[in-house]
Amino acid sequence: MAQDHREQRNGAERLPLRVNGDDVEVEAAPMSVLADVLRDELGLTGTKLGCRAGDCGSCTVLVDGVAITSCLMPVAQAAGRDVTTIEGLETDGELHPVQQAFSDHNASQCGYCIPGFIVAAAETVANGEVLDREQVVQSLSGNLCRCTGYESIVDAIVDACGHGTDREVAS
Amino acid sequence: MTTTTCGPSSTAATGSAPAVTGSAPAVTGSAPVAPPGTRERTQRRVRDGLGTSADRPDGTPKVTGAFAFSSDLHDQRMLWGRTLRSPHAHARIVSIDTSAAAAMPGVVAVLLAEDVPGKATFGLEHTDQPVLARDVVRYEGEAVAIVAAEHPETALRAIRAIEVTYEPLPLLTDPAEAATTDPIHPDGNVFRTLPLRHGDVDATGDVVVEGTYEVGMQDQAFLGPESALALPSDDGGVELFISTQWLHVDRDQVAACLALPADQVHLTLGGVGGAFGAREDVSLQVHVCLLALATGRPVKMLYSRAESFLGHVHRHPARMRYRHHARRDGTLVKVEAEILLDGGAYASSSTAVLANAVCFAAGPYRVEAARIDGQVVRTNNPPCGAMRGFGVVQVCFAHEAQMDRLAAALDMDPVELRLHNALKPGDAIITGQRLTGTAPVREVIEAAMAHPLPPDPREDEPAIALPGGAGLTARREDVRRGTGIAVSIKNLMYSEGFDDYSTARVRLETSPDGEPFATVHSACAEVGQGFVTLAQQITRTALGIERVVLHAADTGVGSAGSTSASRQTWMSGGAVQLACDTVHHGLLERARGVLGVPDEPLVLEPGRVVDPATGAEVAIAQLLRAGPLEATEEHHHAPTSTLDADGQGDAHVSFAFAAHRATVDVDPDLGLVRVLQIATGQDVGRALNPRAVIGQIEGGIAQGVGLAVMEEILVEDGLVRNPSFTDYLIPTALDMPSVAATLIEQPEPGAPFGAKGVGEPPTISSTPAVVAAIRDATGKALTRVPVRAQDIAFGEAGAIPPTAGSTSAG
Ligand code: FES
Ligand code: FES
């Protein structure tokens, strides 16, 4: 009974993708969602799935520099476009400034939501937007975190946007 | 924005500074189990030791995406498992036809109840839940069949191809009818009845206030759905990578259901995407192992969000009737309460949840007498079990609403009323247990009230700051502001005579570069709370070295107990400390030999052991040339007793207290709420990692705010109506209030390092504080959480006390 699961797929096609700067070809049904292809075909599991419905933002990736929820995007729609995942943000082993800020602020608890927040914030930073705290909070309405209460995440992004944070924790 | 104050200084505002540690950041100066040489180490501290906001060891992998959650695990040969669930809340299974599913290409196994080789049921305290339903299903979502297939979509199609004929049975969905309705399970419909009688139960007060309160069903809503990878092992057993809160209790249940000896079931913690109580019970553990053994191949299972809502236990919905008696001066005379919890279809941890609800029914107050009757029952609603706050959340909502009613009846400031009755060390709670440890109830209240209130609304504030946010429906001139206070008591660790323990193994050796490093092996489930950081901090401080490696959490070492009940810092932190102590003594022993001072009291400093008498020293690295030092220790907390027939007894180990003051803006006509600020004082014993403590406080408050104003699983005729994040709303960044926190540090006697667990209290009293603030703004009674728009717009008016704090501190 066992056989390659690809034979199961209705209308699997070979599709060209550009992911984190690399040209790859994946075999997938055109309506498979980008998140599944990234995770299961390309092993890029840094992109998380929290809801598969566009509600939580865990699956956020950049497509041509724009943050989208990859659980909703058919892979065919990403074909030929530039996809950046959390794994593609580091350059030469150096953390992206947003990753560094999240690390500096110990913004992760369980960490499941974190790649989505970082990718979303990376778009903001790449656009050169310098947001104050209120604007950062508003920019995050599409991402859910259940652990942190968002405070440390907001601090990290405010920091990455070039503002210091006014929060202090005595130790 | 969070403002944070640590230590005792914040209480100075009220002129009643409690007995706290000195302000010097002594690392282990007051640790009851600190090893010898403690005082010296406070001068020469190792980097990132106890008391510092050390970084998480998993911090970098969590920001690069490299951290592997259990849902990220993969094996070349793996199959995908999937569960068929009951669409009915109560039905007889007439027949199951799996032939079409089994014949589908790519389907490798289809298993039913009769394929479970061992025990047919599982459960945390009572094994009453079938691994797979055989004759009857008792809740929507109960597992009926499982399949393994080559591709997840094939697995999905296969479960849809299984034909089950159900005959619906009468529904039991009203918990009030459970005790008198025909049993829906062979074990009956009542999980536990717990009466409590304390003092003169016939006493009456000058002033009596009554109320009836309800708490809806809250979901833990962790972000990473249930997932696991099971691999058959060569010895006929199974290897399971799983996100859970308690590896060993999972292992024991899996082994029993698989009819395997425990040593053939090996569990390793996969990365956990949040827990909050929902991963304490078995969900897919047995299923995925069954499929792996049946197919002889690795099997991965991963719940969808909807399946996650159906596949784990929730917070118990509660109905509570309260009557408080007090004297004219506000002194509480008696608290009476009837508490009914809906446990849903299976027992889970219902009996322990009820014990908490009953024991803490009167809150953190001195009460001369109490008459409490608690019951938790079985229904055809979704099963309920552990969630952060564990039974105390429900009663805290009620007793705090009662305290405000009482304040109104007495025309007394609600803060004054609470301070007047606040428990202090030496007082007894209503179980008769005396508080032998710290009890800074007054201090947490005063600290919460001492924080400045949020600024008045600005005319130029963006509309999004109004209640309702981006909907732009509230008008500035309609918005009213309110504040409210609530206070809580929570037990730490397990109660009622349970001999709880944690195990840890510590090994100290030198790496090839000659540097000493320690390896900590603990089965403690890191679910995001930061135990991994703490284990490193403890080891660094105890052994005077910087490099500490964490062995994967697995069942290759003894149990660490559950990551719940705010217990891991105390229990597993204590176990790590004990193991370090033993290694430390071994080091000193070797040092005496090397230095030739058999009887001298030597001192461990960062990197070396010193003879204070002569100044002679020897490097730790040198002492390890004789080989590694290793110790495995178990840490048990002080014993507790059971509750007697009157609910009396020393059933709890320790208690933590918190106070929350909420400030809200409300549009009373539209029923829209914006929670602006939560100010809190929390009793933490010692803050071992202040930043991690603050993280727990902020995250816990978010969940408390969620229960106050938005989170509820809607169940109609036993069916869940909103199993998605589209319809079950949790707070977003826009919903999160600013948090102003003061940590009250009074080291707890008997606690490792004097530290109390901090995870649960923020969730408990933040909910009633928010509701009190909404009452203050609207004048509505609001006896149910979550508060819905219609409750504000059309709800009954209630008795409103003077605004919290109007006549006292703050
Ligand atoms: S998984 Fe895509 S938004 Fe939740
Ligand atoms: S850190 Fe756990 S969901 Fe955000």
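1. Helix 13 of chain B passes helix 14 of chain B in a right-handed crossing. Handedness is right-handed if the near helix is turned clockwise from the far one by less than a right angle, and left-handed if anticlockwise. In this predicted model, the axes of helix 13 (residues 531-543) and helix 14 (residues 568-595) of chain B come within 9 Å and cross at roughly 30°. That angle makes helix 13 of chain B roughly parallel to helix 14 of chain B; the classes are under 35 degrees for roughly parallel, over 145 for roughly antiparallel, 65 to 115 for roughly perpendicular, and oblique for the rest. Axes are lines fitted to C-alpha atoms, for helices over the stretch in contact, with angles from 0 to 180 degrees between N-to-C directions. Helices (H or I, at least four residues) and strands (E, at least two) are DSSP runs numbered from the N terminus.

2. Helix 13 of chain B contributes to this contact through residues including B:Phe531, B:Leu534, B:Ile538 and B:Leu543, and helix 14 of chain B through residues including B:Gly573, B:Val576, B:Cys580 and B:His584. Contact requires C-beta atoms, placed from the backbone, within 7 Å. By class, the contact of helix 13 with helix 14 of chain B has nine nonpolar, seven polar and one charged residues. Nonpolar covers Ala, Val, Leu, Ile, Met, Phe, Trp, Tyr, Cys and Pro, charged covers Asp, Glu, Lys and Arg, and the others, Gly among them, are polar.

3. Numbering and conventions: residues are numbered from 1 along each chain as its sequence is written, and chains are lettered from A and ligands numbered from 1 in the order in which they are written. As the model is predicted, local features need pLDDT of at least 70 and side-chain atom pairs count only at pLDDT 80 or more, while totals for chains, interfaces and linings use all residues.

4. B:Glu633 lies in strand 26 (residues 629-636) of chain B. B:Glu633 counts as buried because 21 C-beta neighbours lie inside 10 Å; the cut-offs are 20 or more other C-beta atoms within 10 Å for buried, 12 or fewer for exposed, and partly exposed in between. Not counting residues up to four places away in sequence, B:Glu633 touches B:Ala504, B:Ala575, B:Leu578, B:Ala579 and B:Thr582.

5. Which backbone angles deserve a look? B:Phe276 has a positive phi near 60° in a residue other than glycine, and lies in the loop between strand 14 (265-269) and helix 7 (285-295) of chain B. B:Phe276 is buried, with 30 other C-beta atoms within 10 Å. A:Asp92 has a positive phi near 50°, in the loop between strand 5 (82-84) and helix 3 of chain A, but A:Asp92 counts as exposed, with 4 C-beta neighbours inside 10 Å. The peptide bond from B:Val785 to B:Pro786 is cis, with omega near -5°; B:Pro786 lies in the loop between strand 32 (784-785) and helix 19 (789-794) of chain B.

6. Helix 7 of chain B is mostly covered, with 10 of its 11 residues buried. Just after helix 7 of chain B, B:Gly296 takes a positive phi of about 70°.

7. Chain A has six helices and five strands, in the order β-β-α-β-β-α-β-α-α-α-α. Of the 171 residues in chain A, 56% are buried. The axes of helix 3 (residues 97-104) and helix 4 (residues 114-126) of chain A come within 9 Å and cross at roughly 130°, which makes helix 3 of chain A oblique to helix 4 of chain A. The residues of that contact divide into eight nonpolar, one polar and no charged.

8. Between the chains, 51 residues of chain A are in contact with 58 residues of chain B. Helix 3, helix 4, helix 5 (133-139) and helix 6 (151-160) of chain A each give two or more residues to that side, whose residues divide into 22 nonpolar, 19 polar and 10 charged.

9. The predictor gives the complex an ipTM of 0.92 and a pTM of 0.93. Chain B has a mean pLDDT (the predictor's confidence in each residue, from 0 to 100) of 92, and 93% of its residues reach 70 or more. Over residues 6-43 of chain B the pLDDT is below 50, although this stretch has 76 contacts in the model beyond near neighbours in sequence. Where pLDDT is low, the predicted coordinates should not be read in detail.

Methods
Two residues are in contact if their C-beta atoms, placed from the backbone, lie within 7 Å.
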